Amino acid sequence: MSDEYALRPATAHDAERMVAITVEGFESYRSFAPEGWMPPSASAEAERLVALLGDDHVWYLVAEHDDRLVGHVGFLPADRLSFARVADPALVHFRQLFVTRGHWGTGLARRLHAAAVDEARARGFTGMRLFTPGGQDRARRFYEREGWSLARPPAFDERIGLEIAEYRRAL
């Protein structure tokens, strides 16, 4: 099935469909989130994503299948656009990787991940970091299989209302 995916750079016109995929991903967090947890606002994410997609330093790729957007991946410089900035111009912040549930297990996530790693390397970055919920075991196993190492164990993050783990990998 993975050969049936068309990958292309994301544009601001994709933002609404990308946010819908992100919202679906956030909904899966309810299985481990504390009772009463609310995902981040879809409208705030849409606003942020449109702004990011207009920035030349930001990279996003979308995956289409049967003329439907079914996944996306993106990164941005960790020293200027990330919510958790660090003074390291060689570090890229892996912002998102979401695939719709109907396409889990197809190899699409691995393909999107590999494209992001390759592009970050081509842009001269030497390391990547990401944040993922501590309770998101499926994602954490995926990242560990893809060469990421735990850099900071899960700690509560008020911004999202969950314990968040930091992972890093060399490029």
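Is Arg-138 buried, partly exposed or exposed, and what is its relative accessible area? Select Arg-138: the residue is partly exposed, with a relative accessible area of 42%. Here buried means under 20% relative accessible area, exposed means over 50%, and partly exposed lies in between (1.4 Å probe, protein chains only).

Before going on, note that this is a predicted model, in which local features need pLDDT of at least 70 and side-chain atom pairs count only at pLDDT 80 or more, while totals for chains, interfaces and linings use all residues. Residues are numbered from 1 along each chain as its sequence is written, and side-chain values use heavy atoms, with hydrogens and water left out.

**Stop 1: helix α4**

Arg-138 sits in helix α4, which covers residues 137-145. Helices (H or I, at least four residues) and strands (E, at least two) are DSSP runs, numbered from the N terminus.

To see what surrounds Arg-140, show its contacts (heavy atoms within 4.5 Å). Apart from neighbours within four places in sequence, Arg-140 is in contact with Thr-132, Pro-133, Gly-134, Leu-150, Pro-154, Ala-165 and Tyr-167.

**Stop 2: salt bridges**

Side chains of opposite charge can pair when their charged atoms come close. How many salt bridges are counted? The count comes to 12.

Select Glu-119 and Arg-123. They form a salt bridge, with the closest N and O atoms 2.8 Å apart. Glu-119 is partly exposed at 25% relative accessible area, and Arg-123 is partly exposed at 36%.

Move to Asp-14 and Arg-17, whose side chains meet in a salt bridge of 3.0 Å, N to O. Asp-14 is buried, with a relative accessible area of 2%, whereas Arg-17 is partly exposed at 33%.

Then pick Arg-152 and Glu-166, another salt-bridged pair, at 3.6 Å from N to O. This pair links distant parts of the chain: Arg-152 is in strand β6 (residues 149-157) and Glu-166 in strand β7 (residues 162-170), 14 residues apart. Arg-152 is partly exposed at 31% relative accessibility, and Glu-166 is buried at 10%. Now select Arg-8, Asp-14, Arg-17 and Glu-64 together: salt bridges that share partners join them into one network.

**Stop 3**

Not counting residues up to four places away in sequence, Ala-151 touches Glu-166, Tyr-167 and Arg-168. For a distance across the model, select Ala-151 and Asp-56: they are 95 residues apart in sequence and 28 Å apart in space, C-alpha to C-alpha.

Continue to Gly-161, in the loop between β6 and β7. Gly-161 is buried, with a relative accessible area of 16%. How many residues separate Gly-161 and Pro-34 in sequence? The answer is 127, while their C-alpha atoms are 8.6 Å apart in space. Leaving out neighbours within four places in sequence, Gly-161 is in contact with Pro-34, Trp-37 and Phe-156.

**Stop 3: the loop between β2 and β3**

Finish at Asp-66, in the loop between β2 (59-65) and β3 (68-77). Its phi is near 50 degrees, a positive value in a residue other than glycine. Asp-66 is exposed, at 62% relative accessibility.

Asp-67 is found in the loop between β2 and β3 as well. The phi of Asp-67 is near 60 degrees, again a positive value in a residue other than glycine. Asp-67 is exposed, with a relative accessible area of 76%.

Conventions. Salt bridge = Lys/Arg side-chain N within 4 Å of Asp/Glu carboxyl O.
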